[in-house]
Amino acid sequence: MTEHSRRPEHEHFHYSEEDVQREVTELEGKSATAARIFDLRRIIGGLFVVYGVMVTIVGITDSQAAIDKAQGININLWTGIGMLLLGIFFLAWLKLRPTPPPLPPAEEQEEKQAE
């Protein structure tokens with residue numbers, strides 16, 4: 001046999017249009033889920049809440065000497081509360097305005113409109 005008459009093995013597999021469409025739909029769903037999971041508001045809000053809790057606890061347990069160092073202001077307590085509020089704001093923003101799913105490509109939209 002000559003090299004031209006040989007057919008690569010991958011040419012024996014034929015995918016139906018239905019299989020391809022199902023795979024594309026599945027990948028689009030996974031992409032939308034990944035976009036929502038890794039939304040920066042979730043990461044930033046979560047970190048601010050965690051660090052805010054830690055700094056607030058330090059502020060509650062601060063000694064009078066530490067407060068006197070900051071001219072009588074319990075700076076750890078106020079900073080912790082501010083961080084908590086900022087973190088809660090980011091998480092509330094995420095909950096109230098979630099990331100929209102990605103729009104389908106323009107070709108698919110045109111096909112849907114034509115039908």
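Student: In this predicted model, which residues does Thr-56 touch, not counting residues up to four places away in sequence?

Tutor: Thr-56 has its place in helix α2, and at 11% relative accessibility it counts as buried, since the cut-off for that class is under 20%. Leaving aside residues up to four places away in sequence, the residues that Thr-56 touches are Asn-76, Leu-77, Gly-80, Ile-81 and Leu-84.

Student: Against which helix do the buried residues of α2 pack?

Tutor: The buried residues in α2 are Arg-41, Gly-45, Gly-52, Thr-56 and Gly-59. Seen down the axis of α2, these buried residues fall within an arc of 55°, so they line one face of the helix. The helix against which they pack is α4.

Student: How far does α2 reach from its first C-alpha to its last?

Tutor: Helix α2 covers residues 40–60 and has 21 residues, for which 30 Å is expected at 1.5 Å a residue. The span in the model is close to that expectation, and from the first C-alpha to the last α2 reaches 30 Å.

Student: Is Gln-71 buried or exposed, and what is its phi?

Tutor: Gln-71 lies in the loop between α3 (64–69) and α4 (75–96). With a relative accessible area of 74%, Gln-71 is exposed, as the cut-off for that class is over 50%. Most residues other than glycine have a negative phi. Gln-71, although not a glycine, has a positive phi of about 60°.

Definitions and conventions. Residues numbered from 1 in each chain as written. Predicted model: local features only at pLDDT ≥ 70, side-chain atom pairs only at ≥ 80, totals over all residues. Heavy atoms only, no water. Helix = DSSP H or I, 4+ residues; strand = E, 2+ residues; numbered from the N terminus. Buried < 20%, exposed > 50% of the residue type's maximum accessible area, 1.4 Å probe, protein only. Expected span 1.5 Å × (residues − 1). Arc of directions from axis to C-beta. Contact = heavy atoms within 4.5 Å.
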